[in-house]
Amino acid sequence: QVEQVFKWIPGGGVRSIGTTLRHIAYVEYYIIEKLILDGTPKDILSGSVFPEQDYPHYDDIIKLMHEVHDRTIAAYEKLTPEDLKKEIPAFRKVLGVERLLWSIIQEEAHHRGQIYMMLRMQGIAPPERKD
């Protein structure tokens, strides 16, 4: 039943919960690996999402998200205060590294709201925050 919930797409919609989670992971990966660590923007995947065939099931998606986030934490621990002030080309602009890190959090918060809405549309109460 979990798979059904995560693959459901609302009428007129284009993304499932699973696709949205793969998108969140991809944006975090892209900002850290391709922009901040490399400093040179690379081609972004169509739709900015890890391919479903590589992460077809709920467990695969959750594992992907943890792997991407673990790499983000490792990269973040190596950043110096000077690194945070660097400006790099990103998203057709020049943005500071600190701003890009905030973008990861904003992206997740934005899509969390979408996921909660899609759960409610299926008659499922979203998880309660414990913090």
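Which residue takes a positive phi in the hairpin of β1 and β2? The legends below, prepared for a predicted model, begin with the whole protein and then turn to this hairpin and to other close-up views.

**Figure 1. Overview of the predicted model.** The protein has 131 residues, of which 35% count as buried. Its secondary structure comes to 5 helices and 2 strands, and these elements follow the pattern α-α-α-α-β-β-α along the sequence. Taken along the principal axes, the box filled by the C-alpha atoms is roughly 45 × 35 × 25 Å. Among contacts with a separation of 6 or more, 61% are between residues 24 or more positions apart.

Figure 2. Strand β1 covers residues 87-90 and strand β2 covers residues 93-96. The two strands run antiparallel and are joined by 4 bridges. Within this pairing, P89 stands opposite V94 in β2. There are 2 residues between the strands, and F91 is the residue that takes a positive phi, near 55 degrees.

**Figure 3. The packing of helix α2 against helix α5.** Two packed helices are described by the angle between their axes and by the distance between the axes. For α2 (residues 17-37) and α5 (residues 97-121), the angle is about 175 degrees and the axes lie 9 Å apart. The two helices are therefore roughly antiparallel to each other, a description that applies to angles over 145 degrees. On the side of α2, the residues making the contact include I17, L21, I24, I31 and L35. On the side of α5, they include V97, L100, L101, I104 and M118. The residues of this contact divide into 15 nonpolar, 5 polar and 3 charged.

**Figure 4. The largest nonpolar core.** This core has 20 residues, and I31, L35, I36, L100 and L101 touch the most other members. The elements that give two or more residues to the core are α2, α3 (58-78), β1 and α5. Helix α2 provides the largest share, with 8 residues.

Figure 5. A second, separate core of 9 residues includes V5, L21, I24 and M118.

**Figure 6. Y29 in helix α2.** Residue Y29 is found in helix α2. Is Y29 buried, partly exposed or exposed? Its relative accessible area is 23%, so Y29 is partly exposed; this class lies between the limits of 20% for buried and 50% for exposed residues. Apart from neighbours within four places in sequence, the residues in contact with Y29 are K34, F50 and V68. Y29 and T72 are 43 residues apart along the chain, and their C-alpha atoms are separated by 7.5 Å.

**Figure 7. K78 in helix α3.** Residue K78 is found in helix α3. With a relative accessibility of 68%, K78 counts as exposed, because the class of exposed residues begins over 50%. The C-alpha atoms of K78 and F50 are separated by 26 Å, and these two residues are 28 positions apart along the chain.

Technical notes: Residues are numbered from 1 along each chain as its sequence is written. This is a predicted model: local features need pLDDT of at least 70, side-chain atom pairs count only at pLDDT 80 or more; totals for chains, interfaces and linings use all residues. Side-chain values use heavy atoms; hydrogens and water are left out. Axes are lines fitted to C-alpha atoms, for helices over the stretch in contact, and angles run from 0 to 180 degrees between N-to-C directions. Angles under 35 degrees count as roughly parallel, over 145 as roughly antiparallel, 65 to 115 as roughly perpendicular and the rest as oblique. Contact means heavy atoms within 4.5 Å. Ala, Val, Leu, Ile, Met, Phe, Trp, Tyr, Cys and Pro count as nonpolar, Asp, Glu, Lys and Arg as charged, and the others, Gly among them, as polar. Two strands pair if DSSP finds at least two bridges between them. A nonpolar core is a set of buried Ala, Val, Leu, Ile, Met, Phe, Trp, Tyr and Cys residues joined through side-chain atoms within 4.5 Å. Buried means under 20% relative accessible area, exposed over 50%, partly exposed in between (1.4 Å probe, protein chains only).
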